[in-house]
Amino acid sequence: MDVIDERLGIEALAYRVPEHANRLVWTLGGITAISFVLLVASGVVMVQFYAPIPEAANQSVRDLMTEVWGGGLVRGIHFWAAQAMYVTAALHLIRVFLTGSYKRPREGNWLIGVTLFGLTTLAIFTGTVLKWDQEGFEALGHNVEVGNLLGGVGLWFSPEMSGRISILIRLYGAHVVIIPGIILVLVILHLLLVKRHKMSPHPALRADASGEQASAAEPTEPFTRHLRRLAAFGVVLTGMVGMFAVLFPPGIGPSPVVGIEVSDPPWMFWWPFTLENWFGLSAILYGEIAFFLILASVPLVDRNPKRWWRERPVAMILGLLVLLIVVALTLLTAVTPAGQHL
């Protein structure tokens with residue numbers, strides 16, 4: 001290890017980790033990163049057999065599942081790792097909000113986290129389209145309509161942007177290159193900022209005059225122990241993803257039929273789907289913009305240095321209100337008849 005460290009400087013990444021940071025709720029960010037690794041690993045296999053052209057896309061996914069040895073399992077891992085990444089990223093944001101870990105000097109890392117959450121959503125959306133079944137085709141239809149609402153800014157979403165090159169190919173490039181590449185860069189920056197500012201202290205610790213919690217009294221452990229703890233959670237996550245891939249393999253619908261709208265989107269998009277049913281297709285665009293603007297404004301609006309949730313009643317009430325609205329809109333999709341929007 002000394003020989004390796006002398007040449008690669010790995011030791012420069014290490015820092016002391018407070019004891020509370022080894023608990024499950026404080027390692028959700030790392031678990032999200034492990035989900036991303038599973039997605040990349042399974043995605044590398046899947047791209048060898050996927051044809052990103054409308055005439056063959058749906059059948060190539062079917063061939064992967066039926067003709068390629070282990071292909072169905074790999075696709076199942078990819079699907080469930082995406083679910084895990086979305087859920088753990090959302091829970092990580094909620095934990096950071098509850099513990100006030102977005103406050104000075106960590107505002108920048110909160111904004112990076114919100115961006116990563118948005119990119120995760122985009123990755124799931126583009127992956128849905130790539131199946132090229134009825135669900136994916138209708139998702140693409142919404143993509144095109146939202147692009148039209150954006151005018152010139154939405155040119156990238158238009159099928160006419162690149163002439164004879166199918167928009168499916170562009171979305172394929174976004175799914176396998178652009179979005180993962182940006183996520184990787186932001187994750188590295190995210191981790192470097194965590195090292196720069198260290199793990200946020202537990203909010204129950206008393207703050208000093210500057211508003212930063214005093215953490216000298218809390219025991220710390222080597223970074224290597226934190227990594228071992230995170231690796232253990234990663235093994236459990238990998239086992240769960242594999243189990244779900246076997247027990248609940250993701251399906252795929254037939255090739256799409258133009259001119260009908262009969263499918264619901266993936267559950268992550270149910271809440272804007274309800275808004276669309278109520279107010280029309282433009283509600284998807286404005287609802288998503290409002291949601292992410294609210295998330296991005298949190299550290300800019302909440303300047304209170306206190307981090308213990310009991311000392312932040314206004315922030316807690318507003319955060320709970322936003323969460324309840326999203327959950328209620330999501331549940332309403334199950335009882336609200338889908339309208340014709342495309």
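Student: What pattern does the protein chain follow when read along the sequence?

Tutor: In this predicted model, the protein chain follows the pattern α-β-α-α-α-α-α-α-β-α-α-α-α along the sequence, which comprises eleven helices and two strands.

Student: Why is the protein chain called as compact as a globular protein of that length?

Tutor: The globule rule gives 20 Å for 342 residues, and the radius of gyration of the protein chain is 22 Å, which is close to that value, so the chain is as compact as a globular protein of its length. Along its principal axes, the C-alpha trace spans about 65 × 50 × 40 Å.

Student: What makes V87, L91, I94, L98, W267, L320, L323, L324, V327 and L331 a nonpolar patch on the surface?

Tutor: A patch is made of residues with over 30% relative accessible area and no salt bridge, with nonpolar side chains joined within 5 Å, so these residues count as one patch under that definition. Together they have about 850 Å² of accessible area.

Student: Which elements give two or more residues to the nonpolar patch?

Tutor: They are helix 4 (71-98) and helix 11 (313-332); helix 11 gives the most, with five residues, and L324 has its place in that helix.

Student: How many residues line the largest pocket, and which lie nearest its centre?

Tutor: The lining has 50 residues, of which Y15, G30, L191, V194 and M199 lie nearest the centre, and about 1400 Å³ of space lies in this pocket. Helix 7 gives the largest share of the lining, eight residues. By class, the lining has 28 nonpolar, 13 polar and nine charged residues.

Definitions and conventions:
Residues numbered from 1 in each chain as written. Predicted model: local features only at pLDDT ≥ 70, side-chain atom pairs only at ≥ 80, totals over all residues. Heavy atoms only, no water. Patch = residues over 30% accessible without salt bridge, like charges linked within 9 Å, V, L, I, M, F, W, Y side chains within 5 Å. Areas by Shrake-Rupley, 256 points an atom, 1.4 Å probe, with all protein chains shown as cover. Salt bridge = Lys/Arg side-chain N within 4 Å of Asp/Glu carboxyl O. Helix = DSSP H or I, 4+ residues; strand = E, 2+ residues; numbered from the N terminus. 1 Å grid on protein atoms, 1.4 Å probe; cavity = no way out; pocket = protein on both sides within 12 Å on 5 of 7 lines; lining within 4 Å. Points joined across faces, edges and corners; volume = space filled by probe spheres on them. Nonpolar A, V, L, I, M, F, W, Y, C, P; charged D, E, K, R; others polar. Rg over C-alpha atoms; globule rule 2.2 N^0.38 Å.
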